[in-house]
Amino acid sequence: MIDDMWQIHVHIMLLDRRYYRIYGKNVSISRLKQHITELKKRTKPHWADLPSQVVQDVVLRYGKSRDAFFDNIKDRKSGKTTRKVGFPKIKPRHKYNSLTFTQAGYTLEDNRIKINCIDTWFSIHKHREIQGIIKTITIKRDRCGDYWICFSCDNVDDSDPKPMTGKSAGFDYGNKTLLTSDTGRKIESPEFLNQSLKVLRSLSKALSRKVKGSGNWYRACRALARHYRKISRQRLDWQWKLSTELCTEFDILIFETLNLDGMKRLWGRKVSDNAFYQLLEIIEQKCAKHGKTFHKINMWTATTKPCSDCDYPNKGLSLSDRQWTCPECGSHHDRDVNAARNIKRAGLAALSGADVRR
């Protein structure tokens, strides 16, 4: 079924491109839906056996991604953002890996699910009991060939808010130390990718020795994909636990916006292994759940060179200087702790609308 949805995805993308080339505008989503319905009666009768709502969801996905492209152009012109969103592209077959049921097309009973269009029951293993009203289910296929079902439910109250502590903290990101707080606490990254490099090299060499397209080649691909999936799960598990710990200890968490793409060009695998942007997304989600405050200061805010005690700008500070003494007030600073204090001060000032020092 996922491959059938991929064929519909390719068809509507090519149709919209051709329409734009001829008439200079894009096809509306409603017209695309009507076109797919007509194809079911004429040249694509086998599409009629697919769940209609799932087929419509393929068109809606394309519409959302196209709208995001045009909205991003407006936001960049108005100065709301500098982030670029590209026009949707045709996904290759192996990267189109999900389909979504909205209200019909499936039957769920205990630990089994039936896909109505193929009239087949499948056994499922629940991660936890389903709560609330099921709105949509999404079936995903990963690179290892395993299938996952994601349930989106309404009227779910699984929140257990953490108690308020009245504490706030600023955090500075670094390659040597992942996070440094304004109190001096340093959080090291486990670097799961770096730990598994030896195994990954061995699996990659084994894959390169196989004849592409053979049975052994596909088995080697899955073995490599399974190990990458293990690394991703290790990193996610550690990040979720760290975010819970930080949200338990602090009420206000302040971070700095960074140009991670530029950092990747300089330090490559190290930055990717830390997955700092993913960590911030998890912390932001945790803060929203527990009623805590998450804030990111502007990336152009001076945090590294100014002294956190007297604001003296140490313009001669280089990347190799990890410790320095302020020539104005004589305060001795750890580079990362000083930056974390400046981040906290700037964040609290932005949140309160006043010049909060510490």
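Start by selecting His333: at 1% relative accessibility, His333 counts as buried, where buried means under 20% relative accessible area, exposed over 50% and partly exposed in between, with a 1.4 Å probe on protein chains only. His333 sits in strand β13 (residues 332–334); strands here are DSSP runs of E with at least two residues, helices are runs of H or I with at least four, and both are numbered from the N terminus.

A word on the model: it is predicted, so local features need pLDDT of at least 70 and side-chain atom pairs count only at pLDDT 80 or more, while totals for chains, interfaces and linings use all residues. Residues are numbered from 1 along each chain as its sequence is written, and side-chain values use heavy atoms, leaving out hydrogens and water.

Now show what surrounds His333. Beyond its neighbours within four places in sequence, His333 is in contact (heavy atoms within 4.5 Å) with residues including Cys307, Asp309, Trp324 and Arg341.

Next, select Met5, Ile8, Ile12, Leu32, Ile36, Leu99 and Phe101, which touch the most other members of the 29-residue largest nonpolar core. Such a core is a set of buried Ala, Val, Leu, Ile, Met, Phe, Trp, Tyr and Cys residues joined through side-chain atoms within 4.5 Å. Colour α1 (2–23): α1 gives this core its largest share, 8 residues.

Finally, go to β3 (112–115) and β4 (residues 120–123), which pair in the antiparallel sense over 4 bridges; pairing takes at least two DSSP bridges. Lys114 has Trp121 of β4 as its bridge partner. In the hairpin, with 4 residues between the strands, Asp119 takes a positive phi near 50 degrees.
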